[in-house]
Amino acid sequence: MKKLKLIYNPYSGDKTFKFDLDIYVTNLQEAGYEVHMFRTIKKGDIENHLKEVPKDFYDAFIIAGGDGTINIVVNSLMKYGLNHIPIAIIPVGTANDFARFLKLPKEPDDACKIIANNNTIPVDVGLCNETYFINVCAGGLFANISEKIDKNFKEVLGKLGYYIRALQEMPFYKPITLKITNSKETIEDKFDLFLVLNTSGTGSIKNLSPKASISDGVFDFIGFRNVGITNLPSFAIKVLKGEYLEHDKILFFQDEKITIESVEDIYSDLDGEKGPKLPITIKNISNAIKVFTN
Ligand SMILES: [Mg+2]
């Protein structure tokens with residue numbers, strides 16, 4: 001019998017995943033898997049657990065949680081040499097950008113069918129200095145919003161919380177001077193925000209880079225040059241409509257390695273969590289993991 005490890009976060013999203021556990025175990029056993037479970041109880045326990053998992057014991061991992069839980073698991077898989085084992089994702093978190101990009105279902109029967117069908121695709125992972133990310137590495141205006149929203153607020157308001165917090169941040173906001181180096185050139189300018197996208201969008205801003213591919217080995221870099229607080233609303237509307245790639249206030253390129261420096265104290269944000277302080281070097285680890293999809 002094939003062996004599968006189900007890692008779940010009982011606090012993710014609306015906290016209802018635990019009521020479906022029996023359905024999952026039934027469906028997965030019928031698909032030929034012996035199911036082992038790991039319930040996260042406290043910070044750091046997923047990492048500690050995966051560190052001890054033998055490299056060739058499991059045939060699959062299932063992650064039931066949001067982008068935060070997936071980020072933790074992917075970091076552990078990469079660090080502990082488990083990234084050859086395919087992962088299935090059940091998007092039960094507050095933020096599920098990664099699963100949404102891959103169009104993964106939330107319903108137990110549909111999610112189990114994908115695993116039973118055993119179809120996987122290779123997926124790129126980003127490495128920012130020493131830490132991996134799955135969706136986006138960001139910095140500037142909107143970047144540190146999700147970590148500043150307290151947990152209850154985030155659960156109640158969901159995505160709306162991001163907007164409200166963004167507006168609250170505005171009065172204190174200053175553009176940042178960045179030096180950005182890709183494989184062709186170095187660009188120095190004042191920016192409101194930069195995004196290094198592995199998937200196509202982040203937070204409330206979906207499909208920011210509609211052509212982004214998760215297995216092409218390159219990131220989509222989008223830098224928002226400073227437009228000033230008075231021009232920001234009209235600029236934001238254009239961006240949300242997707243009318244931005246030709247805009248002279250947008251720096252857009254694709255590359256596999258990007259270095260971002262600043263003379264200011266700027267922290268990056270990786271998948272909505274605080275990341276390393278600039279300078280950062282971001283590398284695309286092409287086809288680093290395998291994900292179950294339709
Ligand atoms: Mg890509």
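Me: In which loop does lysine 249 lie?
Reply: This is a predicted model, so local features need pLDDT of at least 70 and side-chain atom pairs count only at pLDDT 80 or more, while totals for chains, interfaces and linings use all residues. Residues are numbered from 1 along each chain as its sequence is written. Helices (H or I, at least four residues) and strands (E, at least two) are DSSP runs, numbered from the N terminus. Lysine 249 lies in the loop between helix H9 (232–240) and strand S11 (250–255).

Me: Is lysine 249 buried, exposed or partly exposed?
Reply: A residue is buried if 20 or more other C-beta atoms, placed from the backbone, lie within 10 Å of its own, exposed if 12 or fewer, and partly exposed in between. Lysine 249 has 17 other C-beta atoms within 10 Å, so it is partly exposed.

Me: Which residues does lysine 249 touch, not counting residues up to four places away in sequence?
Reply: Two residues are in contact if their C-beta atoms, placed from the backbone, lie within 7 Å. With residues up to four places away left out, lysine 249 touches Phe224, Arg225, Val227 and Phe235.

Me: Does aspartate 248 count as buried or exposed?
Reply: Aspartate 248 is also placed in the loop between H9 and S11. Its C-alpha atom and that of arginine 225, 23 residues apart along the chain, are separated by 8.5 Å. Aspartate 248 has 6 C-beta neighbours inside 10 Å, so it counts as exposed.

Me: How many helices and strands does the protein chain have?
Reply: Of the 294 residues in the protein chain, 40% count as buried. Take contacts with a separation of 6 or more: residues 24 or more positions apart account for 77% of them. The protein chain has nine helices and 15 strands.

Me: Which residues have the most contacts inside the largest nonpolar core?
Reply: A nonpolar core is a set of buried Ala, Val, Leu, Ile, Met, Phe, Trp, Tyr and Cys residues joined through C-beta atoms within 7 Å. In soluble globular proteins, nonpolar side chains tend to be buried together. Here the largest such core has 66 residues, and those with the most contacts inside it are Ile62, Ile63, Val73, Ile89 and Val196.

Me: Which strand gives the most to this core?
Reply: The core draws at least three residues from each of domain 1 (2–118) and domain 2 (131–286). Those bounds come from an automatic or database domain assignment. With six residues, the strand that gives the most to this core is S15 (residues 280–292).

Me: What does valine 196 touch, not counting residues up to four places away in sequence?
Reply: Valine 196 is among the residues with the most contacts inside the core. Leaving out residues up to four places away in sequence, valine 196 touches Gly126, Val136, Cys137, Phe219, Phe221, Ile258 and Ile282.

Me: Does leucine 195 count as buried or exposed?
Reply: Leucine 195 is in strand S9 (residues 186–197). Leucine 195 and aspartate 269 are 74 residues apart along the chain, and their C-alpha atoms are separated by 9.5 Å. Leucine 195 has 25 C-beta neighbours inside 10 Å, so it counts as buried.

Me: Which residues is phenylalanine 133 in contact with, leaving aside its neighbours within four places in sequence?
Reply: Phenylalanine 133 is in strand S6 (residues 131–133). With 26 other C-beta atoms within 10 Å, phenylalanine 133 is buried. Its C-alpha atom and that of glycine 272, 139 residues apart along the chain, are separated by 9.7 Å. Beyond four places in sequence, phenylalanine 133 is in contact with Asn71, Gly126, Cys128, Asn198, Leu270 and Asp271.

Me: What is the phi of lysine 15?
Reply: Most residues other than glycine have a negative phi, and most peptide bonds are trans. Lysine 15 is in the loop between strand S1 (2–8) and helix H1 (21–30). Lysine 15 counts as exposed because it has 12 C-beta neighbours inside 10 Å. Although it is not a glycine, lysine 15 has a positive phi of about 65°.

Me: What is the phi of asparagine 118?
Reply: Asparagine 118 lies in the loop between helix H5 (108–117) and strand S5 (120–128). Asparagine 118 is partly exposed, with 13 other C-beta atoms within 10 Å. Not a glycine, asparagine 118 still has a positive phi of about 60°.

Me: Is the peptide bond from leucine 278 to proline 279 cis or trans?
Reply: Proline 279 is in the loop between strand S14 (273–277) and S15. With omega near 10°, the peptide bond from leucine 278 to proline 279 is cis.
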